[in-house]
Amino acid sequence: EAPGEKIFLSENGGVLLREILMDGRKRIPRPGRVTLLTGPEGGWAPDEEKTLAGLGFRPVSLGRTIVRAETAAVCGVGMISHFWNG
């Protein structure tokens with residue numbers, strides 16, 4: 001089984017989600033599984049982000065615009081589904 005990808009959406013920075021999904025114009029191979037965590041309204045507390053990083057999750061960003069928690073989940077899953085299930 002291919003290795004899994006563990007990511008969490010962070011408004012404090014991190015790699016852009018599109019950079020995990022694409023390398024320029026080329027799709028990055030789909031992992032065996034993806035775990036995407038979205039934070040609560042108002043974002044993750046700094047100690048929560050440290051804990052997630054310690055568990056092997058890497059922070060990712062949807063970009064400069066901060067969206068509501070429920071919108072972030074839909075955006076993240078939509079992007080992952082589009083690029084890795086296509």
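The dialogue below takes up the pocket and then the salt bridges of this predicted model.

Biologist: What volume does the largest pocket have?

Modeller: The volume of the largest pocket is about 290 Å³.

Biologist: How many residues line the largest pocket, and which lie nearest its centre?

Modeller: The lining consists of 21 residues. Nearest the centre are Ser-10, Glu-11, Ile-66, Val-67 and Ala-72. Strand E6 (58–61) and helix H3 (69–84) each contribute at least two residues to this lining.

Biologist: How do the residues of the lining divide into nonpolar, polar and charged?

Modeller: The lining has 9 nonpolar, 8 polar and 4 charged residues.

Biologist: How many salt bridges does the structure hold?

Modeller: A salt bridge requires a side-chain nitrogen of Lys or Arg within 4 Å of a carboxyl oxygen of Asp or Glu. The structure holds 2 salt bridges. In one of them, the side chains of Arg-58 and Glu-5 meet at 2.9 Å, N to O. This pair links distant parts of the chain, with Arg-58 in strand E6 and Glu-5 in strand E1, 53 residues apart. Arg-68 also forms a salt bridge, with Glu-70, and their closest N and O atoms are 2.8 Å apart.

Biologist: Why does Glu-5 count as buried?

Modeller: Buried means under 20% relative accessible area. Glu-5 is buried because its relative accessible area is 16%.

Biologist: Is Glu-70 buried, partly exposed or exposed?

Modeller: Glu-70 is partly exposed, at 45% relative accessibility.

Conventions:
Residues numbered from 1 in each chain as written. Predicted model: local features only at pLDDT ≥ 70, side-chain atom pairs only at ≥ 80, totals over all residues. Heavy atoms only, no water. 1 Å grid on protein atoms, 1.4 Å probe; cavity = no way out; pocket = protein on both sides within 12 Å on 5 of 7 lines; lining within 4 Å. Points joined across faces, edges and corners; volume = space filled by probe spheres on them. Helix = DSSP H or I, 4+ residues; strand = E, 2+ residues; numbered from the N terminus. Nonpolar A, V, L, I, M, F, W, Y, C, P; charged D, E, K, R; others polar. Buried < 20%, exposed > 50% of the residue type's maximum accessible area, 1.4 Å probe, protein only.
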